[in-house]
Amino acid sequence: MSEWFEKQRRELLQIIEKSTPEDGIHDTQVPGLRFIRASQLSEPVYSVYEPSLCIVAQGSKAVMLGQEVYQYNPSSYLTASIHLPITGQVIEASREIPYLSLQILFDMNQILDVIQVSGKTIRARGEASRGLKVSRMKDTLMDAVLRLVKLVEAPEDIPLLVPPTIREVIYRILQNESNTSLTQFAVTGSHAQRIARVVEKLNRNFAQPLRVDELAAEARMSSSSLYHYFKEVTGMSPIQFQKHLRLQEARRLLFSGSIDAAEAAFQVGYESPSHFSREYARMFGLPPVKDVHRLRNSLIDERMENS
């Protein structure tokens, strides 16, 4: 990367480091902007990515969607176009050189607004791209992101300057020809946009029985077309996608300590606790009770190390 880019990255790094006194996710006063810090390599973390831009200022991260791995670092960035269940892991971090990154959340209305203002004519296209993409960082995008991040230190400027700066960030992403997937998801009538509606429905109703014919009707597709395009976008079949959502929510419920494994199974849509336990262990490596015990011990160890 150029000397100018490295200077911008160091400035970005300093602001994030100053704003993250401890490991974890830190919301900022800038709407939709959050910082992330990790002082050690992490276990795989299961979560649902929202539509967003993710940039690493220091360190490296790997994200798995289905069976595909996406790795990014300061020379690249990741965009998520829709809500996707992923597995994330910090793969480069230490106490001396912590992993530091940022996430900017956005929605399709913001993207459509930028497209309309730019005067571009975009037609609905037949193909559908992955909802997750890693692209090479460009100087123009880094410049816009840095100006947005600097507003953390100028809260009086936030109401006036955040909206146009967010629009510029989106515009710079859309300028990158390898990142046309964001555009596809924003255009009404595209296959990607139809699948996005199905994904939204599954995220809302993952505990309900999966009925492919209803999802196909929602997308105005045949069942076979739905399966094809859904897998193109998410890297998973609808049933695999639903399973990821169910098991991640069950893990969250169990970790909160408010219910037992059988109740968690029923709440996320499983009729058989034994079937739930088998699928849980297959995804997380241990049965529910042992996995939650491991998670809690890891959290205690991390707090002791940071104290």
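Strands and aromatic rings in a predicted model

Biologist: How many bridges join strand β1 to strand β2?
Modeller: Strands here are DSSP runs of E with at least two residues, and helices are runs of H or I with at least four, numbered from the N terminus. Two strands pair if DSSP finds at least two bridges between them. Strand β1 (residues 24-27) and strand β2 (residues 33-38) run antiparallel, and the bridges joining them number 4.

Biologist: What is the model, and which residue in β2 stands opposite D27?
Modeller: This is a predicted model, in which local features need pLDDT of at least 70, side-chain atom pairs count only at pLDDT 80 or more, and totals for chains, interfaces and linings use all residues. Residues are numbered from 1 along each chain as its sequence is written, and side-chain values use heavy atoms, with hydrogens and water left out. Opposite D27 stands R34.

Biologist: How many aromatic pairs are there, and why is the pair of Y46 and F284 edge-to-face?
Modeller: Rings of Phe, Tyr and Trp (its six-membered ring) pair if their centres lie within 6.5 Å; planes under 30 degrees apart count as stacked, over 60 as edge-to-face and the rest as tilted. The count comes to 5 aromatic pairs. Y46 and F284 have ring centres 4.6 Å apart, and the pair is edge-to-face because the planes stand at 90 degrees.

Biologist: Where in the chain do Y46 and F284 lie?
Modeller: The pair links distant parts of the chain, 238 residues apart. Y46 is in strand β3 (residues 45-49), and F284 is in helix α11 (residues 273-284).
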